[in-house]
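Let's take a friendly walk through a protein model together.

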Amino acid sequence: MRTVWSTLNKLGVPITPVIWQRFFQMMLDLGRSEVGGKARLLFALLIIFLFAINGLNVLNSYVNRDFMTSIENQNMDGFVFYAVMYLLVIGIATVVAVLYRYAEESLGLLWRKWLTRHAIDRYLDDRIYFRLHTTGELTNPDQRISEDIRALTATTLSFTLMFLNATFTVVAFSGVLWSISPLLFVVAVAYSILGSLLAIYLGKPLVKLNYNQLDREANFRSRLVHVRENAESIALLRREGRLKARLRDRLDDLTANFQRIILINRNLGFFTTSYNYLIQIIPALIVAPLFIKGHADFGVITQSAVAFTHLLGAFSLIITQFQSISAYTAVVARLNALRDAMIQERPARSPTVEFSEDCGSVAFEQLTLYEPRDGRILVKDLSLSIPAGICLLVRSTSESAEKALFRATADLWHQGEGRILHPGHDAIFFLPERPYLPPGTLREVLLRTGQENGIPDWKIRASLKSLTLEHALLKAGGLDTEQNWSDLLSLSEQQRLAFARVLLAAPRFVFLDHPSRSLSECAVGELLNLLRYQDITYLTLGDAADDPRFYDRLLEIAEDGSWRLSPPGGSKTIGNNSGAAANVTIPKASPKPDGGPP
């Protein structure tokens, strides 16, 4: 077995005994799951059907033998009897084969649904999808969840049943073939072993090539999806030429790899085709002399051909299924890589984000954030506490520092150290620079999951009216009509709709990522006034052009990660990272009587 694992690793596919242990554990988990009872029942039925099919095949070989012997002896009564028996066996075998196929497909679908649900849950838990996207440590996780799991469940079940069927066939037909000719039995075993060794030698490059082909196909498809999702922008900017070149590069890449697969299959095909043709003549070459010498009936020749074909087919699974086995091995390795990536722990140096419902502030304690690629310091020893009611503008000459602080507060940045405290994800919202509105109804977009029936329509309409989004309601066709919002609304309208969601949820804090880049200065001022009016404290990543009058404090982060806290528009420093000024708590400013900018 060590030789097998070593060979696969040399081929570039990381198949190890641990992977197969996990694989078998996965099947055991299916049996213990909520659908385990149905899965076990279907598998038991499949085993029963396999026994029945092999028994019918053995019975059919004897019926066929006596049928052919009746023809040789010109025995009309025997001919009619065995013809009826032949049709009866075929009829029963047809029913069993159809039920067997139905049970196999039902079990495969049940397994795929169960495994895909678990993969989706894990993929979306703890923002694993975001980590895989930002780190780029794993290619095409979406394809692995959809296509590879489908291939894994269907092919695993098929191979399992195939090998079980081969085992039953060997047991059923070995005695038949030995009783006809021990020499023919020995020839069948030797021929299958020699053929399997040659098939492995000729086809071993397919394992690595199939592994690569799956990624190349997914990369090409992702580029096509990119064109569809950005059709308007591409048309306006006339970027078709460059995209066409990139698509052609992806196409050339996948076709070049597939061409190598075709060449290997051609060489393998020369061998397997001739191998299968010889199966038809070998039994006659050995058994026909027995008939000629009078040592066997004529029907024994056809019976030996049937038994030899079944037995050799059972011994030759590696030859007949080598292409499928190589593709299957690649799928197992890719899904194992997905599992490893999803269970990967955070780095040792990672900010600790703590939630407390009683916390009335957003606090940073000795927070240092690093650039993940080169380890450069983006934010250095940030220590301050921002209580509710104090609105903060964050500026930096390094946009990477701003993004790192935004993501770390949202528990999405794991390169750093220190401590972040805030009242929890239900009490603090994060609005990215480019708003995200998932496909669905307007009600689903505006309200949290589970609250669709908890907020009356009049309140939703009032929120939309306060943001001058009545026309968006008309475009949407009401609150309960499903739409693709990125196509229906402009970027500015999408941003306002995101603000409407914040107003309806009424969190204690909201962290905004450069809202002035998609909205006018006047529109941003109106929205910030609405937030302040509803006692929602906002922290904003801003640019030099952002009006500081809407904020109580200004946090400036330098290129080297040092920081300075001051009143907006003032030169007085309230805090910085020069040791003595650490752990600054901002005193709450006096509320403005008109709810406008301070």
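The paragraphs below visit a surface patch, some helices and a few backbone angles. Keep in mind that this is a predicted model.

Ile71, Met76, Phe79, Val80 and Val84 make a nonpolar surface patch of about 450 Å². Helix H4, which covers residues 76-124, gives the most to this patch, with 4 residues. Val80 lies in helix H4. Its relative accessible area is 44%, so Val80 is partly exposed.

Next, look at how helices can meet. Two packed helices are described by the angle between their axes and the distance between the axes. Helix H16 (residues 457-466) packs with helix H19 (residues 491-505) at an angle of about 130°, and their axes are 9 Å apart. H16 and H19 are therefore oblique to each other. The crossing in which H16 passes H19 is right-handed.

Now find helix H14, residues 399-409. Its buried residues are Ala401, Glu402, Ala404, Leu405, Phe406, Ala408 and Thr409. After H14 comes Asp411, with a positive phi near 65°.

That brings us to backbone angles. Most residues other than glycine have a negative phi. Gln366 is not a glycine, yet its phi is positive, about 50°. You will find Gln366 in strand S2, residues 361-370. With 40% relative accessibility, Gln366 counts as partly exposed. Asp381, also a residue other than glycine, has a positive phi near 50°. Asp381 lies in strand S3, residues 377-387. Is Asp381 buried or partly exposed? Its relative accessibility is 30%, so Asp381 counts as partly exposed.

Technical notes: Residues are numbered from 1 along each chain as its sequence is written. This is a predicted model: local features need pLDDT of at least 70, side-chain atom pairs count only at pLDDT 80 or more; totals for chains, interfaces and linings use all residues. Side-chain values use heavy atoms; hydrogens and water are left out. Patches are made of residues with over 30% relative accessible area and no salt bridge: like charges are joined within 9 Å, nonpolar side chains (Val, Leu, Ile, Met, Phe, Trp, Tyr) within 5 Å. Accessible areas come from the Shrake-Rupley method with a 1.4 Å probe; for residues, only the protein chains shown count as cover. A salt bridge is a side-chain nitrogen of Lys or Arg within 4 Å of a carboxyl oxygen of Asp or Glu. Helices (H or I, at least four residues) and strands (E, at least two) are DSSP runs, numbered from the N terminus. Buried means under 20% relative accessible area, exposed over 50%, partly exposed in between (1.4 Å probe, protein chains only). Axes are lines fitted to C-alpha atoms, for helices over the stretch in contact, and angles run from 0 to 180 degrees between N-to-C directions. Angles under 35 degrees count as roughly parallel, over 145 as roughly antiparallel, 65 to 115 as roughly perpendicular and the rest as oblique. A crossing is left-handed if the near helix is turned anticlockwise from the far one by less than a right angle, and right-handed if clockwise.
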